[in-house]
Amino acid sequence: MASRDVSDLRLHDLRTLSVVLRERNLTRAAELLDTTQPSISKILKRLRDRFGDPLVIRNGRAMQLTPRAAEMTEQLRSLLVASDGLCAATPAFDPRTSERAFRLLVTDVGTIVFLPALLSRVARDGGRITLRAVPLDSRHFEAKLESGEADLALGAFPGAQRGLRRQRLYFSNYLSVVRRDHPKLAKLRTPAGFRSAHHIIVMASDVGHAAHHVAQHALEAEIPPERVLLRLSSFIAAAIVASRTDGVATVPENVAMHLAEQLGLATFKPSIPLPPFEIAQYWHERCHRDPGHRWLRAASFDLFAKSRPIPPGGDRPPRRGR
């Protein structure tokens, strides 16, 4: 009998046995468990058959434990404590006392647009929480969220799928930037002047800026190849080069606004029509109900959402085929 599979054991039966072993009295055990003595006797019979041992033996009014029952008492207690812990409600998340480390997938743009504001929020609401920027490879960012290597991705990933959740933060447009003392600044604002200028082209790449393909192609369709001063893969680097040359860099609006003062840049709307792109936050389903992750997403949405087309708490379900 004792060789029967462990799946025969019922947690309810083990909990009953634990009370019986502690009280050594079926009447008291029945009162504590709010059941009847015959019901406990039936459970004891099942367990005696399962373990191949009488477990408790009546001695007058009291009951004595067999050596097998005495041996399992502490193990049984530990098992039930562990079970209670598993069944307990999910603990609340308190950012003021949590020491959790959150890992964020961001592009070079995200490091200046998102991280400073999030660090300030953490310092205000959760001094012991830490943030870590995870290197972004847009070919594998979904796998990093799935594996837990990253908790949240912030940016523009129009091809994201495979069950990721997402929440829109805002739409962004483009601005062109040049150094403030550019000799042809006024002319650059005209279509002819813009096309004849030297341009710094940011390449849509596999390490971020996946949504930039359309804008890149639109620029290259209008700008003669001989007017391309430089090609690179970083919007921030493009803005820095523009601040030190006569080149024109066309970058997301938030990059231009963040860097204009520090780099001494003039900003203007490019004369070539460029499509806006969506900035969102992405996470894996396994984190969706985690209280700490919900706090992080709420903080991000509160800081960066410029419009609220999604209802409060409106974390969208996975969208496929995009």
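## Strand 7, an enclosed strand

Strand 7, which covers residues 174-179, has six of its six residues buried, so it is largely enclosed by the rest of the structure. Buried here means under 20% relative accessible area, while exposed means over 50% and partly exposed lies in between, with a 1.4 Å probe and protein chains only. This is a predicted model, in which local features need pLDDT of at least 70 and side-chain atom pairs count only at pLDDT 80 or more, whereas totals for chains, interfaces and linings use all residues. Residues are numbered from 1 along each chain as its sequence is written, and side-chain values use heavy atoms, with hydrogens and water left out.

Gly264 sits in the loop between helix 12 (253-263) and strand 11. Although Gly264 and Val177 are 87 residues apart along the chain, their C-alpha atoms are separated by 9.7 Å. Leaving out residues up to four places away in sequence, Gly264 touches Val178, Arg179, Arg180 and Leu259, where contact means heavy atoms within 4.5 Å.

## The nonpolar cores

A nonpolar core is a set of buried Ala, Val, Leu, Ile, Met, Phe, Trp, Tyr and Cys residues joined through side-chain atoms within 4.5 Å. The largest one has 56 residues, of which Phe114, Leu169 and Val177 touch the most other members. Helix 11 (residues 235-244) supplies the largest share of this core, namely five residues. Apart from it lies another core, of 20 residues, which includes Leu21, Leu26, Phe51 and Ala69.

When residues up to four places away in sequence are not counted, Phe114 touches Val106, Leu154, Gly155, Leu169, Tyr170, Ile279 and Phe304.

## The protein as a whole

The secondary structure comes to 13 helices and 12 strands, these being DSSP runs (H or I, at least four residues, for helices; E, at least two, for strands) numbered from the N terminus. Of the 322 residues in the protein, 46% are buried. Among contacts between residues at least 6 apart in sequence, 75% join residues at least 24 apart.
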